[in-house]
Every structure is written in structure tokens, then in C-alpha cells.
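Student: Could we go through this structure together, one question at a time?
Tutor: Gladly! Have a look at it first.

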Amino acid sequence: HPPTIQMEGSSVLSRASCRAKGGAPGFKVAILGAAGGIGQSLSMLVKMNPLVSVLHLYDVVNAPGVTADVSHMDTGAVVRGFLGQQQLENALTGMDLVIIPAGVPRKPGMTRDDLFKINAGIVKTLCEGVAKCCPRAIVGLISNPVNSTVPIAAEVFKKAGTFDPKKLLGVTTLDVVRANTFVAEVLGIDPREVNVPVVGGHAGVTILPLLSQVKPPCSFTPEEINYLTDRIQNGGTEVVEAKAGAGSATLSMAYAAAKFADACLRGLRGDAGVIECSFVTELPFFATKVRLGRTGAEEIFPLGPLNEYERAGLEKAKKELAESIQKGASFINK
Ligand code: NAD
Ligand code: LMR
């Protein structure tokens, strides 16, 4: 029989050669680190997105298994798998959106910054591939520490002459997802009705929920503000500790990344009013509300009025962020 896994170099028996080439309308998405805890669930969720015509799954291990599995789902996207560095370029060529959850996760007692040593090099290699093979793609970076890996990616793209600040986005959607959930719990309402802007960065005090700007408008007691801020800032650690050495958030992260990917694709399609919080390379790097459009993050919104508690939080966030940004940039420019 013909091989049934559409890995690089294999083919399946099909009359629809245009389909096998990804001829269906829609966007081409690559997931780098697709066989990991986030990557597997994210691959499944992106395969369910009707805006996706082609889905490339890349990893340095286990890509064939995940590809075979996901490719059996009866949704529109054509799935192809790519295993190992020598297939990275083919995985990336022609992509509109590249989502990167490749890298090691935390164990209890570690900070996200402790992951820098290993993940910085991984992100550098993958972004060099993006610069070479799909320099116009939107890149959504999940690998931690996001506050440093996005600056690494920016420097790689600058060196390659392909840097476009609209196209490089750190994925902080999980902070918003958590904030919506925890705020809804306190208010006793449906989380789908809540929208909490979360700005700053993606680690500890750099995660700054703007509880004064929650929609629908509401107010909190000082005790609720302290509880919510602390829980949102330490949501990642809550999961790391509960998993007790087996990794960090994967399922809620895959959900958040799928939401983020969908927003990027709706923006690329030209939908109006697609607004998300994301870590962008303005100010010089900061998570804030952005409008996603045909060319990526087309509009960066100002923070809006902050109360005294939030202004104090912002100062703390900026200090730590500046150090993480510097660390990422100097990894490339050393
Ligand atoms: P995991 O270990 O389960 O999976 C990581 C995957 O990356 C593995 O399959 C591994 O083979 C792959 N990988 C390693 N090196 C690679 C390379 N050079 N090229 C391609 N793939 C490579 O980890 P996970 O739980 O999926 O987490 C992945 C990353 O996401 C971690 O750094 C974690 O801290 C981060 N994370 C970020 C957020 C966020 O909100 N931004 C949330 C959760 C986790
Ligand atoms: C998260 O917020 O869940 C991720 O950044 C993973 C982690 O290490 O906390």
C-alpha cells in the first residue's frame, strides 16, 4: 500500500492532486514543536479551524505519529509532517502563520527565565528558518521565556533583513484566558461574557491585568484586586506545581494558542475589529491590545487610563521586562 502518513517525501493515493498540494481556499499554518504537550493539542485544534487549508507539523521527534493521528480528522486542512532539522525549510516554505511552542517547559521551583539557556537556541534556529523560507509569515511565539524569546526572534529577523514588527507576536493569550476565567469566578458570571485586558509581559510581575478596564464594567474590593492580580500573575506556576514535575500548562495553552491563531487568520482574511492582547515589538517590547489585520498587528492601542495600583504594577513590570529584553537581544548580538 501507499504510505498513509503524509510525511515529507511520502505520498497518499488521491485523485485530487490540487487538494494534496493544498489547493483548498484558506491559510497555510505551521506548528513548530507540534509533537509536544502544547503542540499536539494545538495541532488538533488548528486542524479544526475552517480558515486553514494546509497544516504543517514540525518537530525533532515524533512528528510522524502526530501527523498520522491528526491527518485522520475529517476537517478541511491538508496535514503534512516534517521531522528533524533537515526538513525545517520545507515545513516553513509558503506558510502564512507560524506558531512556535518548541522548547522545554518548567518544573516546580523554576522560573521561566531558567528555560532561557535551552530555549534561546531553539528559538534562534527556528526563526532563522522563518527568515529564510517564509519571511512574510506572521510568527506567534509561545516558547518561554516569552519576554526574552521575542527579542531574540526580533534580532534574528533584523540580522536577516526581514524584520517586520507587525508580523512578530509573543503569545500572551493564556494570561487573558486565565484572567477572564478568574474574574468571572469572582463575579459569579459566565467567563465568555468577560474580557480582561492583560498587558506588560509574560512572567510574574510583568503580567499586568487591567482590572479597572474589565468588560462588562464592574468594580472590585481591594481584597479581590490583590487576589485576582496574584492569581493571574501566578497562574502558570499554579499549573506547574499541580503537575508536580510533569510539565506546565499544555491544554489551556493549546486552547489559548488556537484562539490566537484564529484571530490572526481572521485578521489576514480582512475581518474588521479583530482585537487581541499580544506581546509586540513596540515600546520596545510590550504586551498590549492590538488590532490584527491583513498585514499582522496593524494598530497598537494605548494602555488607557490606569488607576494607582496599576500604575505601580506597570513600573515593576517595566523594570523586569527591560532586563529580559536586554538578555534576549544580547544573546544574538553578543
Ligand atoms: P513539551 O516538552 O511537551 O514540548 C516541546 C516540544 O518541542 C517537544 O515535542 C520537543 O521535541 C520540541 N522541540 C524541542 N526542540 C525543538 C526544535 N529545535 N525544533 C522543533 N521542536 C523542538 O513542552 P510544552 O509543554 O509543549 O511547552 C513548550 C514551551 O511552551 C515551553 O517553553 C513552555 O514554557 C512554553 N509555554 C508558554 C506558554 C505561554 O503562555 N506563552 C504557556 C505554556 C507553555
Ligand atoms: C504559563 O503561563 O502557563 C506558561 O508560561 C508556562 C509556565 O512555565 O508557567
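Here are our questions and answers.

Tutor: This is a predicted model, so to speak of local features we need pLDDT of at least 70, and side-chain atom pairs count only at pLDDT 80 or more, while totals for chains, interfaces and linings use all residues. Residues are numbered from 1 along each chain as its sequence is written, and chains are lettered from A and ligands numbered from 1 in the order in which they are written.

Student: Which element gives the largest share of the shell around ligand 1?
Tutor: A residue belongs to the shell if its C-beta atom, placed from the backbone, lies within 6 Å of the ligand. In total 33 residues surround ligand 1, with G33 and A102 among the closest. Two elements give two or more residues each, α2 (37–47) and α5 (116–133); helices here are DSSP runs of H or I, at least four residues, and strands are runs of E, at least two, numbered from the N terminus. The largest share, four residues, comes from α5.

Student: And which helix gives the largest share of the shell around ligand 2?
Tutor: Here 13 residues form the surroundings, and R106, N144 and S248 are among the closest. Five of the residues around ligand 2 come from one helix, residues 235–243, and that largest share belongs to α9.

Student: How many residues around ligand 2 are charged?
Tutor: Ala, Val, Leu, Ile, Met, Phe, Trp, Tyr, Cys and Pro count as nonpolar, Asp, Glu, Lys and Arg as charged, and the others, Gly among them, as polar. The shell around ligand 2 has five nonpolar and six polar residues, and the charged ones number two.

Student: Which residues of β4 point the other way from L97 and I99?
Tutor: In a regular strand the side chains alternate between the two faces of the sheet. Strand β4 covers residues 97–100, and its four residues are buried, meaning that 20 or more other C-beta atoms lie within 10 Å of their own. Opposite to L97 and I99 point V98 and I100.

Student: Which residue of β5 is the bridge partner of V98?
Tutor: Strands pair if DSSP finds at least two bridges between them. β4 pairs in the parallel sense with β5 (residues 138–141) over four bridges, and β4, α5 and β5 make a right-handed β-α-β unit (with the strands pointing away from the viewer, the path from the first strand over the helix to the second runs clockwise). The partner of V98 in β5 is V139.

Student: What is omega for the peptide bond from N144 to P145?
Tutor: Most residues other than glycine have a negative phi, and most peptide bonds are trans. P145 sits in the loop between β5 and α6 (146–160). The bond from N144 to P145 is cis, with omega near -5°.

Student: How far apart in space are C218 and A137?
Tutor: C218 lies in the loop between β8 and α8. C218 and A137 are 81 residues apart in sequence, and their distance in space, C-alpha to C-alpha, is 39 Å.

Technical notes: A residue is buried if 20 or more other C-beta atoms lie within 10 Å of its own, exposed if 12 or fewer, and partly exposed in between; C-beta atoms are placed from the backbone.
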